[in-house]
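This briefing goes through selected packing features of one protein structure. The sequence and coordinates come first, then the notes.

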Amino acid sequence: MAITNLVSGPLRAAASIKIDDSSALLVIDVQNCFLPGGSLAVKDGEQVVPVINRIAKGFANVVMTQDWHTAGHVSFASSHAGKKPFETIDLPYGKQVLWPDHCVQGTEGAALSKDLSIPQAELVVRKGFHKDVDSYSAFTEADGKTTTGLAAYLKARKLQRLFVAGLATDFCVAWTALDARKAGFETYVIEDACRGIDTQGSLAKAWADMAKAGVKRIQSGDIAV
């Protein structure tokens, strides 16, 4: 498959990418807290749902993720006296953005969107359930060493090409895509099936980091379904 480097920077794959038995769709954190009315709503986040539903029909292999935080999680601004959402603090594993309380285990906010229609999804990976470590990536927690087991699962099933969609582009989607590349998977991010938060230039940085790592930036229309 020919890859061209556009002037805009990140790589775009050629149209009509054919999905095969080695391909999997990763649907990242399409949860109520990140949708309109949620405590950490991503602008236009609900617009990813119909796009994801449409492309998911072409995938036999689908994995979904959920943020699944404890109450009082270390990533919550409310857990740190005097701190406000979107400020940063230093934790043992590095810089941590502080968020409004979100996706607390067992709450309606943590539930996957009721409008998702992916009955064939085979696995739901819950992440961020360790109270003292955040976890954006579906593969590895923010400490860079605690794994979710997803890479081993995918490799055991001989899945080699990953297509990533969901929320939010510049955090959980990007970290997932970067870790997918580190684990040796051919990795695509479906731009119009994602939406970003974009705090302090995070969206542009995420795309640049992904391009540098060899993540391929595509649109849903590039996929033959």
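Predicted model: local features only at pLDDT ≥ 70, side-chain atom pairs only at ≥ 80, totals over all residues.

Residues are numbered from 1 along each chain as its sequence is written, and side-chain values use heavy atoms, with hydrogens and water left out.

**Nonpolar cores**
- A nonpolar core is a set of buried Ala, Val, Leu, Ile, Met, Phe, Trp, Tyr and Cys residues joined through side-chain atoms within 4.5 Å; buried means under 20% relative accessible area, with a 1.4 Å probe and protein chains only.
- The largest nonpolar core holds 62 residues, and Leu25, Ile52, Phe139, Phe163 and Val189 have the most contacts inside it.
- A second, separate core has eight residues, including Val74 and Tyr93.
- Phe163 is in contact (heavy atoms within 4.5 Å) with residues including Leu25, Phe59 and Tyr188, leaving aside neighbours within four places in sequence.

**His102**
- His102 counts as buried because its relative accessibility is 4%.
- Its side chain makes polar contacts (N or O pairs within 3.5 Å, one able to donate a hydrogen and the other to accept it) with the side chains of Asp67 at 3.4 Å and His69 at 3.2 Å.

**Helix α3**
- Helices are DSSP runs of H or I, at least four residues, and strands are runs of E, at least two, numbered from the N terminus.
- In α3, 10 of 14 residues are buried, and these pack against β4, β7, β8, β9, β10 and α4.
- Just after α3, Gly184 has a positive phi of about 95°.

Definitions and conventions: Buried < 20%, exposed > 50% of the residue type's maximum accessible area, 1.4 Å probe, protein only.
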